[in-house]
Amino acid sequence: AYLAEGLRAAMFLAENKIKGFVHLTPCKDGYTVSEFIPPQEKQPDYPSSFFKGKKIPKKGYFTCGVYYIPAPIYYEEEQIGRFPCVLLGFDEKDQLMTTAPQIKYNPQEMLKDFTNYFTKYCPKVITVRDDRTEALLKNYCECMDIAIMRSDFIPHLEEIYNDFCSHLDAR
């Protein structure tokens with residue numbers, strides 16, 4: 001039913017040469033068209049308000065990446081599985097994973113958990129694996145004056161992700 005409704009709506013848009021983002025409401029003659037105004041995304045004040053006035057020393061290098069969990073996770077109240085994200089990272093000096101992976105649906109919660117790790121010091125440079133990770137950490141890095149570097153392939157981070165997934169499979 002939803003697929004058929006979507007096709008009818010697409011045909012209506014094409015036949016009437018309507019372009020851009022619009023809101024369609026079904027009616028007996030087809031659809032009524034109104035302007036779609038997306039909600040304004042509120043910029044979080046975290047982490048800037050959290051670290052305001054705090055001088056945290058910078059040392060070392062950190063590498064991290066946002067990964068999707070490869071299998072859906074089901075909760076009792078939900079009938080549809082979700083594919084949440086996890087932010088994995090490690091300190092390059094020790095090559096050890098330094099953040100406990102937290103499976104999250106909300107990127108801001110993931111960022112908050114990540115930044116809580118850096119209460120005594122923060123890295124000089126954070127190397128990220130992709131645009132998604134860079135976008136997540138951009139505000140934090142600007143606030144803390146941390147350089148962001150990009151590397152499309154980070155072998156040790158891939159090993160951590162594969163190990164993390166194998167522990168999920170064991171559950």
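Which residues touch the most other members of the largest nonpolar core? Select Cys64, Phe114, Ile126, Leu137 and Tyr140: of the 19 residues in that core, these touch the most other members. A nonpolar core here is a set of buried Ala, Val, Leu, Ile, Met, Phe, Trp, Tyr and Cys residues joined through side-chain atoms within 4.5 Å, and buried means under 20% relative accessible area, with exposed over 50% and partly exposed in between (1.4 Å probe, protein chains only).

Before moving on, know that this is a predicted model: local features need pLDDT of at least 70, side-chain atom pairs count only at pLDDT 80 or more, and totals for chains, interfaces and linings use all residues. Residues are numbered from 1 along each chain as its sequence is written, and side-chain values use heavy atoms, leaving out hydrogens and water.

**Stop one: Ile126.** Show what surrounds Ile126. Setting aside neighbours within four places in sequence, Ile126 is in contact (heavy atoms within 4.5 Å) with residues including Phe62, Cys64, Phe114, Leu137, Tyr140 and Ile148.

**Stop two: β6 and β7.** Switch to cartoon view. Helices (H or I, at least four residues) and strands (E, at least two) are DSSP runs, numbered from the N terminus. β6 pairs with strand β7 (residues 147–150) in the parallel sense over four bridges; strands pair if DSSP finds at least two bridges between them. Look for Val128, which stands opposite Arg150 in β7.

**Stop three: Arg129.** Now pick Arg129, in the loop between β6 and α4. Its side chain reaches the backbone oxygen of Val66 at 2.9 Å. The side chains of Arg129 and Tyr67 are joined by a polar contact of 3.2 Å (a pair of N or O atoms within 3.5 Å; within protein, one must be able to donate a hydrogen and the other to accept it, and residues adjacent in sequence count only if both atoms are side-chain atoms).

**Stop four: the charged pairs.** The term means a side-chain nitrogen of Lys or Arg within 4 Å of a carboxyl oxygen of Asp or Glu.

Next, select Arg132 and Asp130, which form a salt bridge at 3.6 Å, N to O. Asp130 is buried at 11% relative accessible area, whereas Arg132 is partly exposed at 35%.

Finish on Asp152 and Arg150, another salt bridge at 3.3 Å, N to O. Asp152 counts as exposed at 60% relative accessibility.
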